[in-house]
Amino acid sequence: MTEQRPALRVLSPGEINVPATVAVLNDAFRRHAFLGTDRTSEDTIGEELHASSRLVQAFEGNDLVGTGAVTPALDEDLDAAKFPGIDLSHALYFGMAAVRRDRMGRGLGAQILAASERVARQRGDTHIILMTVREMGNVAYYHRFAYETVSVHELPAGYWGLTIPTHEHAMAKIIIPHPDNQGAQGHV
Ligand SMILES: CC(C)(COP(=O)(O)OP(=O)(O)OC[C@H]1O[C@@H](n2cnc3c(N)ncnc32)[C@H](O)[C@@H]1OP(=O)(O)O)[C@@H](O)C(=O)NCCC(=O)NCCS
């Protein structure tokens with residue numbers, strides 16, 4: 001059987017299949033044994049999304065296999081001190097990255113990240129930023145895609161339902177503007 005090439009879609013929060021999105025997030029984060037609880041739920045996922053958020057989702061046919069979300073940084077409750085030297089009014093926050101465990105390691109996460117960076121480029125943002133917990137093993141992952149750690153904070157056990165003390169890395173990547181799109185602030 002030939003494998004289906006996943007299709008990427010950029011969706012507003014009102015357009016997503018909430019149960020499917022919650023299922024992919026919880027399945028993906030189950031790889032982190034020290035995460036004491038589900039990553040999210042149908043009741044709480046909305047707390048992480050804003051009207052300005054866009055979900056970048058990967059589908060095989062009708063099946064959701066990967067997801068990520070981008071939100072203008074000023075619409076997130078971020079501590080600007082964690083992103084020194086970055087103008088958050090021109091930054092896009094990337095989060096909620098998850099690939100179904102049976103589809104990990106096939107380049108889907110990289111495609112979701114690249115599509116998220118295209119959203120930032122279309123908006124005329126200067127940076128795409130994210131937060132990740134070092135103990136989840138993703139700092140090296142984001143380094144591969146030219147993200148740099150801009151600050152590190154220690155988190156006590158219990159934070160985010162994590163059962164061990166952890167280190168939160170704030171990471172950022174400069175978005176090189178498309179030559180035809182200098183300074184544009186278009187919508188996605
Ligand atoms: C992080 C995640 C989204 C990556 O998705 P993925 O589809 O498995 O990743 P990809 O297949 O696109 O990986 C791209 C490359 O990075 C490598 N890579 C994957 N995970 C890595 C890691 N933890 N550290 C370093 N490199 C890694 C892959 O081997 C691949 O290399 P290649 O291009 O040479 O083949 C996925 O593993 C996931 O859902 N993890 C659990 C949830 C999570 O931690 N989310 C992120 C929170 S910040």
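Helices (H or I, at least four residues) and strands (E, at least two) are DSSP runs, numbered from the N terminus. With that in hand, the protein chain reads β-α-β-β-β-α-β-α-β-β along its sequence, which comes to 3 helices and 7 strands. This is a predicted model, in which local features need pLDDT of at least 70 and side-chain atom pairs count only at pLDDT 80 or more, while totals for chains, interfaces and linings use all residues. Residues are numbered from 1 along each chain as its sequence is written.

**Confidence and overall size**
- The predictor's confidence in each residue is called pLDDT and runs from 0 to 100; its mean over the protein chain is 92, with 93% of the residues reaching 70 or more.
- Residues 184-188 are a stretch where pLDDT stays under 50.
- The C-alpha trace of the protein chain spans about 45 × 40 × 30 Å along its principal axes.
- The radius of gyration (taken over C-alpha atoms) can be set against a globule rule of 2.2 Å times the number of residues to the power 0.38.
- For 188 residues, a compact globule would have a value near 16 Å, and the protein chain agrees with its 16 Å.

**The sheet**
- Seven strands form an open sheet in the order S1-S2-S3-S4-S5-S7-S6, with mixed pairing; two strands pair if DSSP finds at least two bridges between them.
- Strand S1 (7-11) and strand S6 (148-155) are at the edges with a single partner strand each, so one side of each has no neighbour in the sheet.
- On average, neighbouring strands of this sheet are turned by 25 degrees against each other, direction ignored.
- S6 pairs with strand S7 (residues 166-174) in the antiparallel sense over 7 bridges, and Glu154 stands opposite His167 in S7.

**Helices on the sheet**
- Contact here means that the C-beta atoms of two residues, placed from the backbone, lie within 7 Å.
- Angles run from 0 to 180 degrees between N-to-C directions, and axes are lines fitted to C-alpha atoms, for helices over the stretch in contact.
- H1 packs on the sheet by touching strand S3 (63-72) and S4, and its direction makes about 95 degrees with that of S3.
- H2 also packs on the sheet; it touches S1, strand S2 (54-60), S3, S4 and strand S5 (127-133), and its direction makes about 30 degrees with that of S3.

**Around the ligand**
- Of the 20 residues around the ligand, Ala28, Met104, Gly109, Ala110 and Tyr141 come nearest (a residue is near a molecule if its C-beta atom, placed from the backbone, lies within 6 Å of it).
- Helix H1 (18-29), strand S4 (91-99), helix H2 (108-123) and helix H3 (139-144) each give two or more residues to this shell.
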